[in-house]
Structure formats: C-alpha cells, structure tokens
Amino acid sequence: MYGKIHEIYSSISGEGISQGIPTVFVRFAGCSLRCGKTESRALWCDTPYALGPNQGESKPFVSIIEEIEQFDKEHGFQILLTGGEPLEGQNRDLSISIAEHIYTYRKQNGKPYPASRVETNGSEKITLDPFFIFTMDYKLPGSGMENRMDSENFRILEKRHNSLDEIKFVVRDRIDFERSIEVIREQKIQTNILYSPVHGEVDAKELVEWIKIDNPPKCRLSLQIHKVLWGNQKGV
C-alpha cells in the first residue's frame with residue numbers, strides 16, 4: 001500500500017486543543033481544494049507546497065511506519081496526519097492503515113496518544129473509527145470552497161461523541177464569522193470549535209471581540225504557535 005508523502009518530521013502541535021504536545025507529523029501531498037483564491041485575493045493555504053500530488057514522494061506503509069518510529073522511538077508522541085489532504089484518494093486507505101497500526105500497538109502496550117489526529121478539509125467523509133481523532137475544517141464563504149463541504153460529517157461527529165474532536169473555522173472577514181454562527185446553529189454543533197484568523201486579512205484581536213459577543217459553545221481562539229516560534233517555515 002502506497003501514498004503520496006510530502007514530509008515526515010517531529011515538532012510540537014501548533015493549533016487547537018492539542019497545541020504544544022510533542023508530535024510526529026505525516027504530511028500527505030495532494031488536495032483538490034484551493035482555499036481563498038479569487039481574481040482579486042490570494043490563496044491562503046498554509047501549505048501550498050503540498051497541494052499537488054506530484055509534490056510528494058510515493059512511499060509504502062512499512063517505510064512510513066519506520067520513519068515515524070525513527071522520530072518517536074519510545075512511542076510517546078502524538079501522531080498527526082495532515083496535508084495536503086490525508087483522506088483524499090489513495091491517501092485515505094494509507095491513513096487508515098497507519099492509524100490502525102499505531103492504535104493497536106499503543107493500546108496493547110499502554111502507550112499514550114493511541115489515536116492519531118487527522119487534519120481534514122471538510123470535503124472528505126470522516127469515519128467512526130476509534131483510531132482517529134479529527135480536526136475538521138468547515139470552509140466558510142471567504143474560502144470559495146463552502147459548496148464542497150460534506151454536511152454529513154456533522155452527523156458523524158455527533159455519533160463519534162469524542163471529546164477531542166474539533167471543528168475549525170478559518171475566518172477571513174465578518175461575513176465569514178456570521179456564517180460560522182449560522183452553521184453552528186443550523187447543525188446544532190456541540191463539538192469543540194476553533195476560530196483562526198486568515199493572516200493579514202482579519203486582526204486576531206478583532207476576531208476575539210466577535211467571539212466574546214456571540215460566545216459559541218465550546219469555542220476557542222486558535223493561533224498558530226509554530227509560526228510564533230519559527231515563522232513561516234516548513235518542517236517545524
């Protein structure tokens with residue numbers, strides 16, 4: 001079994017409720033979404049270098065597991081599958097195999113973080129599998145990708161009822177924030193909610209004021225701590 005991998009490295013988790021946890025990142029290559037790009041506005045993806053499937057190297061399951069274990073010899077790091085998009089195309093089956101393998105080993109041996117966290121873009125179907133924890137984007141109007149969102153994912157999150165799952169809203173402007181409130185109410189969302197500002201387009205302090213007024217349930221501001229520490233670099 002093969003998948004397109006852009007990079008594997010160790011760092012700390014930069015966002016959400018797992019922020020600051022030592023983590024091994026498996027970054028898949030290939031994503032069919034192009035968030036934020038219009039005639040007058042720029043692509044805002046944090047990892048444009050991993051959007052094309054040809055920007056990754058085809059690697060087998062065994063090789064990927066070996067690389068993960070090189071960074072995490074004691075099996076104590078969180079494992080994070082990201083992209084690109086780890087649930088798109090052939091990457092999906094590989095993500096399932098990686099996560100299931102790690103989950104089984106860590107459960108049997110009493111290791112921490114048995115379930116791998118998956119950062120997914122909201123257009124691919126998530127699963128009920130216990131070996132995954134999801135950070136799922138919902139793309140708002142400013143992304144130009146809202147019509148690609150799979151609303152059935154909200155029902156799956158309800159069934160999962162996992163206290164570590166997250167829904168992330170990346171906010172470009174006030175219109176985006178207001179739409180996020182509509183989505184939360186329409187879908188009766190009870191999952192953890194993350195709000196992140198589009199860098200250079202909305203001030204994080206302004207986003208905080210909006211959050212304070214509406215105060216959606218179980219929400220928090222999520223800034224990218226890895227960029228604070230190292231700037232906009234790869235592999236950190």
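Which residues in H4 meet which residues in H5? Hold that thought, everyone, while I say what we are looking at. This is a predicted model, where local features need pLDDT of at least 70, side-chain atom pairs count only at pLDDT 80 or more, and totals for chains, interfaces and linings use all residues. Residues are numbered from 1 along each chain as its sequence is written, and side-chain values use heavy atoms, with hydrogens and water left out.

Now, back to the opening question. Arg174, Phe177, Ile181 and Arg185 in H4 meet Leu207, Trp210, Ile211 and Asp214 in H5, where contact means heavy atoms within 4.5 Å. Helices (H or I, at least four residues) and strands (E, at least two) are DSSP runs, numbered from the N terminus. H4 covers residues 174-187 and H5 residues 204-214; they pack at about 30°, with axes 11 Å apart. Axes here are lines fitted to C-alpha atoms, for helices over the stretch in contact, and angles run from 0 to 180 degrees between N-to-C directions. That angle makes H4 roughly parallel to H5, a label for angles under 35 degrees.

Next, please look at helix H1, residues 61-71, where Ile64, Ile65, Glu67 and Ile68 are buried. Buried means under 20% relative accessible area, exposed over 50%, and partly exposed in between, with a 1.4 Å probe and protein chains only. Those four cover an arc of only 160° around the axis, so they sit on the same side of H1; the arc is that of the directions from the helix axis to the C-beta atoms. Why might a helix do that? An α-helix has 3.6 residues a turn, so residues three or four places apart point the same way. On the face of H1 turned away from its buried side, we find the exposed residues Val62 and Gln70. What do the buried residues of H1 pack against? Their partners are S1, S2 (22-28), S3 (57-60), S4 (78-82) and helix H2 (90-109).

Ser11 counts as buried because its relative accessibility is 12%.

Last stop: the cysteines. An unreviewed UniProt entry places the feature "binding site" at Cys31, Cys35 and Cys45; such annotations may be inferred rather than shown by experiment. Cys31 lies in the loop between S2 and S3, and Cys35 is in the loop between S2 and S3 too. Cys31 counts as buried at 8% relative accessibility, and Cys35 counts as buried at 9%. Leaving out residues up to four places away in sequence, Cys31 touches Leu51, Gly84, Glu85, Glu88 and Asn121.

Definitions and conventions:
Angles under 35 degrees count as roughly parallel, over 145 as roughly antiparallel, 65 to 115 as roughly perpendicular and the rest as oblique.
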